[in-house]
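Work through the following exercises with the sequence and the model side by side. Try each task before reading its solution.

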Amino acid sequence: MAPVTQLPAARQLDMMKALKEAAFAAVVTFGLCIPIIAWGTRQNLDNVLVLDPRWDAVAWAVAIIFVGRFLMALRQQKRGEGKSVVRLLPHGTIGFFQRHSRLFSLAGLGFLVTFPIIAITLAGWGGALKWIDNFGVQILIYVMLGWGLNIVVGLAGLLDLGYVAFYAVGAYSYALLAKNFGLSFWILLPMSGILAAFWGMLLGFPVLRLRGDYLAIVTLAFGEIIRLILINWVEFSNGYAGISGIPRPTFFGIPFTAADDGFAAVFGLEFSPLYRTIFLYYVILGLALLTAFVTLRLRRLPVGRAWEALREDEIACRSLGINTTNTKLTAFSLGAMFGGFAGSFFAARQGFISPESFVFMESAIILAIVVLGGMGSLWGVAIAASVMIGGTELLRELDWLKQIFGPDFDPTKYRMLIFGFAMVVIMIWKPRGLISTREPTAFLKEKKAISADMVQEGHG
Amino acid sequence: MEVFLQQLINGLTLGSIYGLIAIGYTMVFGIIGMVNFAHGDVFMLSAFIALIFFMLIASWFGAGLIVLALIFVLVLAMFFTSLWNWTIERVAYRPLRGSFRLAPLISAIGMSIFLTNFVQVVQGPRNKSIPPMLNKSITLIDSATYTVQISYKQIVIILTTAILLAAFWFIVQKTSLGRAQRACEQDRKMAGLLGIDVDRTISITFVMGAALAAVAGVMYLVLYGVVNFADGFTPGVKAFTAAVLGGIGSLPGAVIGGLLIGLIEVFWSAYFTIDYKDVAAFCILAVVLVFMPSGILGRPEVEKV
Amino acid sequence: MTTPPLLQVEHLTMRFGGLTAVNDLSFEARKGDITALIGPNGAGKTTVFNCITGFYKPTEGMITLTQDSGASFLLERMPDFRISWKAKVARTFQNIRLFGGMTVLENLLIAQHNPLMIASGFTFLGVLGIGGYKAREKEAIEKAKFWLEKINLIDRADDPAADLPYGDQRRLEIARAMCTDPVLLCLDEPAAGLNPRESHDLNTLLLSIRKDIGTALLLIEHDMSVVMQISDHVVVLDYGTKISDGTPAEVQADPRVIAAYLGVDDEEVAKVEAEVGL
């Protein structure tokens with residue numbers, strides 16, 4: 001008899017505990033809300049700041065946290081103590097993907113190559129532009145940047161927080177050289193890459209002997225220095241106003257205009273801005289694939305192995321005759337080169353660049369993509385870029401939410417808010433990134449994936 | 001000479017603010033070896049909290065006793081900012097303790113993005129300004145060509161900074177809490193084995209860092225009278241520069257670094273060109289790190305083979 | 001004129017701030033010999049190693065390495081990676097430093113970095129897939145296989161190094177150092193933490209390295225069974241100063257060594273000092 005009567009009592013206790021936790025969270029939330037949410041500041045008509053009480057918003061926030069924490073506490077109790085494991089995919093899915101990585105790579109490649117056609121089929125000529133440009137091109141730029149930075153952070157283990165500097169070098173190289181000397185996109189693309197690599201070497205040389213977070217901060221400083229110079233050196237870069245009217249890339253000399261010698265006319269097609277977008281899409285796809293190809297190749301070469309060895313243990317590398325400075329420098333400047341390629345593509349695509357596009361936040365986003373994807377994993381980086389960039393782009397599409405929250409509701413306002421929050425959540429959920437196992441570069445009998453627990457992440 | 005003296009006063013004022021923020025960086029880095037990227041945004045948030053409380057107090061009691069109001073705002077801002085930072089540590093960093101080194105860094109960057117945009121969403125993207133206060137100033141030297149003045153604001157800022165620093169220095173050096181903090185800095189695992197509540201100690205570190213950032217936030221608001229949601233990043237990076245310059249992990253180092261950065265910035269603007277003042281700060285950061293990675297007061301890191 | 005010794009350390013002094021870790025140390029290691037560097041904890045043995053392998057720059061002194069070809073290198077003037085690459089001095093570490101997240105095979109391939117780098121045309125040819133890199137990599141894998149068989153780890157070639165048990169990691173680290181084709185291999189406490197059986201296997205491996213490959217060995221060791229069984233020549237350090245130098249038997253009998261190791265009363269120290277004429 002006794003156990004039966006005790007059972008509901010135990011249940012009750014659990015409820016109490018969960019309620020207590022939820023109440024605590026609610027009180028904290030209330031405290032957090034008091035100044036910053038409870039009163040909104042607003043300039044009135046006389047341009048004097050006034051306060052608007054917003055206790056309804058506070059009530060909502062407290063209620064949501066209370067219920068959320070309560071449910072979470074119950075869930076944790078059900079699972080018992082210890083960290084609750086969240087699984088989006090059934091166990092072994094990633095292993096399955098990795099075993100058949102060649103197949104999936106081919107399938108992914110096929111999808112990417114046919115994406116414009118799929119987009120046109122599904123969204124029509126009018127709607128496809130948005131999909132190819134905002135999603136296709138935009139995501140691929142970040143995939144490429146992620147893959148470029150992956151060489152530095154993921155393989156060599158050097159924490160670079162100023163990667164956007166090389167993106168800027170590439171973009172300004174293209175913009176200035178194209179405008180002032182009229183050189184074509186196809187000449188300037190490799191040139192901007194080389195210039196960025198040169199800058200990478202120049203900046204890398206003094207700082208690469210620094211370790212750990214110091215390197216991160218110096219690279220951040222360099223990123224900011226380059227941006228501030230672009231802002232302040234008006235004669236060179238036109239400052240805040242940026243550079244507009246950057247020549248657009250041509251299809252091997254044929255411009256994408258409505259003119260008689262334009263792309264559409266030459267090929268006997270009806271003029272549409274879509275052709276340029278599709279062309280740009282294939283250009284960035286090609287560049288991204290080049291980055292992936294080079295990365296895969298280099299991993300199997302001594303330099304790539306040395307990068308990974310450097311990430312594992314720098315001192316051991318030195319004892320084995322590896323020139324660590326040169327090895328780091330190659331990783332740094334190669335990463336910079338791909339950043340430069342992406343930058344010159346960006347300038348050519350936008351037709352307008354300004355220092356606004358090269359703020360620290362961009363570096364942070366690219367780094368986040370690399371870490372969230374799983375350092376060193378090309379697939380992981382590609383997935384992370386698609387989720388983070390595609391996801392925030394998707395928020396632009398959420399106009400129907402206005403019907404729920406009223407016409408003042410603007411989902412794009414919450415884009416970066418959600419982005420930041422997602423970064424925190426993904427890190428807590430998977431600290432080693434989405435795909436964290438390492439694939440060996442050479443094997444005798446069989447290729448076994450190496451679990452993330454053994455792989456070091458570098459100290460530099 | 002007069003110009004120099006005036007800039008010295010201005011530089012010390014600005015440097016005090018940087019120093020206060022820098023302590024938050026240096027304490028967190030010292031105890032968990034993490035660059036708390038969101039700290040600059042916590043500072044910005046505290047300035048907003050202070051702004052709201054200033055306005056509340058002004059509308060409830062009128063703007064009569066400005067000093068009393070200032071003390072109230074200071075205490076309230078310190079409390080609520082600490083609560084924020086406590087929550088941030090609890091939610092975004094604690095689950096990642098003992099995890100891979102980059103995970104908390106990315107989490108902190110995410111938190112920084114979140115905070116910036118959170119304030120933008122709830123308080124709007126425009127500059128928020130309050131009517132100027134403590135406008136009087138004392139004339140120190142009144143020569144024919146140049147008047148050297150120290151304003152009440154500057155006196156308040158320098159004095160408050162000095163008093164609070166002394167108080168925190170006392171806590172860290174003389175109390176058992178400070179001892180626990182220093183023990184955790186040396187060896188967190190061992191400190192835990194010896195019965196120190198490591199989680200609690202780290203939480204308190206974040207709370208203390210936030211409280212000082214809140215002081216900086218209030219002072220920033222008093223000095224400039226205006227704050228924007230994007231104001232966290234640049235002072236944050238400069239304060240971090242200050243922490244590194246002074247030797248990361250060292251409390252007096254952070255203050256010295258902050259004062260130096262403030263002075264350099266002000267003198268650079270006065271004698272060279274205001275455009276490149278931030279470039280100067282970042283260049284100093286790079287140069288210091290490359291040639292003197294352990295900073296002014298930091299312990300040099302010996303490479304163990 | 002006799003041929004110069006393989007490694008000659010002369011008047012080596014290393015100071016860290018006020019602490020003199022190594023004080024005016026001179027000794028030599030001959031080709032084909034196993035030289036042991038012993039001494040109580042904190043005697044400065046690892047510091048000597050770090051000076052020889054370039055991780056520390058000595059405050060004073062000269063370290064000369066003379067290869068068979070007659071080429072000689074002043075190690076104290078060379079950066080660490082060149083010492084391994086050009087002077088052909090390899091080392092292991094007291095706390096094992098393997099590339100834990102990489103496979104056993106990869107560990108051995110990284111040790112062959114420099115020749116492979118040249119074969120890949122400093123990456124430029126390798127990226128394009130031209131040049132003889134493929135063939136050279138095959139050779140490198142063969143060499144790795146040779147060492148894996150020698151240390152009995154061929155079956156675990158594709159496992160991550162961090163997965164290996166401690167004793168295997170020690171042997172792998174030695175094999176990895178050997179893959180750089182050294183003329184002198186410096187081992188920092190290779191037998192530390194090994195059980196008697198593993199320790200015995202280690203002796204066999206070290207003797208075979210000397211006999212079959214012809215590499216001279218310099219080792220720091222606490223395990224006297226290893227030192228006395230395999231070394232030809234023992235140098236004893238205490239507080240950074242050399243207190244004895246000779247064959248294992250000579251050193252064993254040296255009263256100063258006994259005093260340093262076992263500790264003696266002050267009176268006895270005086271007695272011993274009188275005996276040895278200090």
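A charge sits over a ring if NZ of Lys or CZ of Arg is within 6 Å of the ring centre and within 35 degrees of the ring normal. The model used in these exercises is predicted.

**Exercise 1.** Find which residue lies over the face of Phe99(C), and at what distance from the ring centre.

*Solution.* The residue over the face of Phe99(C) is Arg176(C), at 4.8 Å from the ring centre. A further case in chain C is Lys86(C), whose charged end sits over the ring of Trp85(C), 4.2 Å from its centre.

**Exercise 2.** Classify the ring pair of Tyr163(A) and Phe166(A).

*Solution.* Begin with the search of the whole structure, which finds 34 aromatic pairs over all chains. In the pair of Tyr163(A) and Phe166(A), the ring centres are 6.4 Å apart and the planes stand at 70°. Planes over 60 degrees apart count as edge-to-face, so this pair of Tyr163(A) and Phe166(A) is edge-to-face. Tyr163(A) is buried, with a relative accessible area of 0%, and Phe166(A) is buried as well, at 2%.

Definitions and conventions. Residues numbered from 1 in each chain as written. Chains lettered and ligands numbered in written order. Predicted model: local features only at pLDDT ≥ 70, side-chain atom pairs only at ≥ 80, totals over all residues. Heavy atoms only, no water. Phe/Tyr/Trp six-rings, centres within 6.5 Å; stacked < 30°, edge-to-face > 60°. Buried < 20%, exposed > 50% of the residue type's maximum accessible area, 1.4 Å probe, protein only.
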